[in-house]
Amino acid sequence: MQNHDLSADQVRDLRALAGMIIPPSAAYDVPGADDEKIFNDILRSLERDRDDIRRALSHLAAIGGCAFADLEAERRTEVAAAFREVGGAPLAALVRVVLLCYYRDDRVMRSLGQEARPPFPKGHVVEQGDWSLLDPVRARPPMYRTVD
Amino acid sequence: MLDKVDALIVGSGASGAAVAWSLADTRMRIVCLEQGDWVKPTDYPSNGRDWEARLFSDFAINPNRRARPTDYPINDANSPIKVVNFNGVGGSTIMYTAHFPRMHPSDFRVRTLDGVADDWPIDYATLEPYFAENDRMMGVSGLAGDPAYPPHQPPMPPLPLGKSGARFGKAMNQLGWHWWPSDSTIATTDYEGRARCINLGHCTPGCAQGAKASTDITYWPHAIRAGVELRTMCRVREVTVDAHGMASGVIYYDAEGKEQFQPAEVVILACNGVGTPRLMLNSVSAKFPNGIANSSGLVGKNLMFHPYALTYGYVDEPLDGNHGPPLCLWSQQFYETDPGRDFVRGYTFQFGRGVGAIMEAIVSANAGRLPWGEEHHGAYRKLVNRRIGLSAICEDLPDEHNRVTLDPDLKDSSGIPAPKLDYTISANSLKMMDHGIARAKEVLTAAGASNIAVESPILNGGWHLLGTARMGTDPERSVVNEWGRCHDVKNLFIVDGSIWVTSGGVNPTSTIQALALYIADSIKQRLANLFD
């Protein structure tokens, strides 16, 4: 699929974990992070975190005693909770990649009320605000120390 | 061997660009060597849907994470603050927030006023015309009348307050504390060929609109038109010396990796407070066995960052998020020394507008605010676009234990020894940071925020690299004199943040550039007897 250097078991485990971190929600009308489009984006985006993510997935499999994706749901929850306690920097890297792909998905952005587009070239509108708020500060005497 | 040039500048960032432009009117033959390349506006992250993700890859602020071929590694394991920089035409002005305060008059007289560190050999009044010239060249927006500063007139109106700024302004008024719209190098009107800001909101890793001033689009077009030659992808290994102990030029690796020797009458270093001492310490000769111009032993010592203490919270309505330049206000309420506090000197508050959707998710995940599972969605929606925060940017006093040396093992892709940092935050700074956090919590509470959190120091907060080749009149206690010339090598100049005596408590780019323009003027005024 992509040049992600993960084994087939690691790919399955990563997808299962991603779906556990962010499951789909009917209430918010959003997919989970294990959604096919989002998960493919995750696999394409390992980049500088590839080694950490491999380490994290090896650790996850070691805690569970077998492939995480093969565990029963209850056991998965236990293993994921244990992993969250001890996963350290490799887990943080894994979660980061999941989040940075999830929160740029068009469906997710729309659910958040955000436009699914890059900042350029349209930009955004920022209100000027009430500059009269500065009046009490304008009235202050100079407050910097003078030097000879 | 290449033809000899009159002036050779190493580094094209904030100070290198300014000095190149200023010297260009001498009609000297001037060459600048830059290890990075030009960055096109279409390269910047805000052009694409992966705009936030690229802050973790090719536009990461930490060079060790970014690891472009044009970057050099930095051993920062022994520092709680990691270096932030960018290597390319424009240097770290490509990768900055454009927050543009000046140093204050008192910052140049800390020994006289507060009995700590050393006074600078120059003062605010000397730099004032260069501040103004630099404001014009970089294009500064802001508002005249700030009671925290001597009078000055930014050429463009200030950035908008927005929802976040107005909320902060009300809170500061409630507390009776100073606040003011920041001087910023983000154009709020069309300015000298630059289009005005359209609130892309992702300013730090480069502005696709060109509204943010970086020296590739401010000083460099003028300097190149005036005849300065800028060579990119040229990594300098060492400054060489002749039989008389004068700088004879530099050895560098060109874009093809071929070793070159560029002879020069004058060499000017503009590589920042880490890159400059690294280059000087790598420039070893029989005359200078401990690095060029290092008879004082101070090259690399007295490294100063500004420790940043970030405090933030969440309000109950959507604010500006990442829409708009991230920094738009400052406060100098706690800038000057107050004998009633348990620390000397002080800090600036800089107020943050907000962050983007991905940054919010990642920071909140790291902080344990985002649950896994179905609850994730509801929790996240109470955070996104609701963040307000402020940072205390604390004055860092010089300490010789804080230093840049050469790593014995780590090298860049050209085989040049990499810098190694040893740095600890001083007790004075820690007290200052604690004070800033406590005051920031008062501000956030007054602004209606809850769920308040702290990041102190900001880990990837080493934006400001200062003090490692300090300025002074005593050759035993300083590396360069009061106009940037090395005491030991009279045709070697330093114009970047290395020469700072103390750090102040403000973002340094404005003062770095004013100093570079002042040194360039000093050179021009002394051309007939520059080496006396």
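**The chain B sheet and its setting**

Mentor: Start with the interface of chain A and chain B, where the rule finds five salt bridges. One of them joins the side chains of Asp114(B) and Arg145(A), at 3.0 Å from N to O. Keep in mind that this is a predicted model. The two chains bury about 5500 Å² between them, and carbon and sulfur atoms give 62% of that area. In residues, 57 of chain A are in contact with 70 of chain B.

Now the sheet. It is open and has six strands, all in chain B, in the order β4-β10-β11-β12-β9-β15. The pairing is antiparallel. β4 (180-181) and β15 (450-455) of chain B stand at the edges. Each has a single partner strand, so one side of each is left without a neighbour in the sheet. For β15(B), look at strand β9 (residues 308-314) of chain B: four bridges join the two. Within that pair, Tyr314(B) has Ser450(B) as its bridge partner.

Next, the helices. Helix α5 (residues 162-175) of chain B lies across β10 (327-331), β11 (347-352) and β12 (387-394) of that chain. Its angle to β12(B) is about 65 degrees. Helix α10 (residues 427-446) of chain B lies across β9, β11, β12 and β15 of chain B, at about 20 degrees to β9(B).

Last, the packing. The largest nonpolar core has 206 residues, and Ile42(A) and Tyr103(A) touch the most other members. Beyond its neighbours within four places in sequence, Tyr103(A) is in contact with residues of both chains, including Ile22(A), Leu112(A), Ala357(B), His376(B) and Tyr380(B).

Key: Residues numbered from 1 in each chain as written. Chains lettered and ligands numbered in written order. Predicted model: local features only at pLDDT ≥ 70, side-chain atom pairs only at ≥ 80, totals over all residues. Heavy atoms only, no water. Pairing = 2+ DSSP bridges. Contact = heavy atoms within 4.5 Å. Axes fitted to C-alpha atoms, helices over the stretch in contact; angles between N-to-C directions. Core = buried A, V, L, I, M, F, W, Y, C linked by side-chain atoms within 4.5 Å. Buried < 20%, exposed > 50% of the residue type's maximum accessible area, 1.4 Å probe, protein only. Buried area = accessible area lost by both parts, 1.4 Å probe. Salt bridge = Lys/Arg side-chain N within 4 Å of Asp/Glu carboxyl O.
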